[in-house]
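Trainee: Please take a close look at a single part of this model. I would like one connected account, with the cut-offs for each term spelled out.

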Amino acid sequence: MTEIMKDYWKAYLWFDGYQLSGVAMTLWLLVVAIAIGGLLAVPLSVARVSRNPLIRGPVWFYTYVFRGTPLYIQLLILYSGIYSLQMVREQPVLDAFFREGINCTLLAFALNTCAYTTEIFAGAHPGDTVWGDRSRTGLWHVAVHPVPPHHPAFGPATRTAVLQQ
């Protein structure tokens, strides 16, 4: 098996030495989208848990839209929908960016990753008691008395009441 990989590993990465293969392109898109999405998610997750509704609201709406629509629809909107706008084609920078399919794909993947990662990071803030307070309750108590998930329907009072059972 290792002899086969030594002979044919380049075919998985390059077609002719200049173009990336599907495996290499997929891995590149994955790494770059996770890096961009992760970097954007940190400040957005802080804004998502803000007490100010003017800061929290737009971030909630962004994550709601991007998590609620299929990625394929987002790709179609970014690739064909935005470039069809006259004002985008008139701006040289936007025209050059949205003309290339790889840029639209990377933008869609990064924004989608950012939306999901924002919600993950926002749910992991120190005030969240979903996993229980292990200094006050033991592991057995947390396992036997599950806490409802972090959701607007379950306010802090509900989660605290469940923990005190």
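Mentor: Leu30 is found in helix H2, which covers residues 22-48; helices here are DSSP runs of H or I with at least four residues, strands are runs of E with at least two, and both are numbered from the N terminus. This is a predicted model, in which local features need pLDDT of at least 70 and side-chain atom pairs count only at pLDDT 80 or more, while totals for chains, interfaces and linings use all residues. Residues are numbered from 1 along each chain as its sequence is written, and side-chain values use heavy atoms, with hydrogens and water left out.

Leu30 is partly exposed, at a relative accessible area of 45%; buried means under 20%, exposed over 50%, and partly exposed in between, with a 1.4 Å probe and protein chains only. Leu30 belongs to a nonpolar surface patch together with Val23, Leu27, Val31 and Ile34. The accessible area of this patch is about 450 Å² together, by the Shrake-Rupley method with a 1.4 Å probe, where for residues only the protein chains shown count as cover. Patch residues have over 30% relative accessible area and no salt bridge; nonpolar side chains (Val, Leu, Ile, Met, Phe, Trp, Tyr) are joined within 5 Å, and like charges within 9 Å. A salt bridge is a side-chain nitrogen of Lys or Arg within 4 Å of a carboxyl oxygen of Asp or Glu.

Now to the aromatic rings. A search of the whole structure finds three aromatic pairs. Trp60 and Tyr64 form one that is stacked, at 5.0 Å centre to centre and 20 degrees between the planes. Rings of Phe, Tyr and Trp (its six-membered ring) pair if their centres lie within 6.5 Å; planes under 30 degrees apart count as stacked, over 60 as edge-to-face and the rest as tilted. Trp60 and Tyr64 are separated by about one helical turn because they are four residues apart in helix H3, residues 53-68. Trp60 is partly exposed, with a relative accessible area of 39%, and Tyr64 counts as exposed at 53% relative accessibility.

Tyr62 and Phe66 form an aromatic pair that is tilted, with 5.0 Å centre to centre and 50 degrees between the planes. Tyr62 and Phe66 also lie in helix H3, four residues apart, about one turn of the helix. Both Tyr62 and Phe66 are buried.

As for the whole chain, the protein has nine helices and zero strands. Buried residues make up 24% of its 165 residues.
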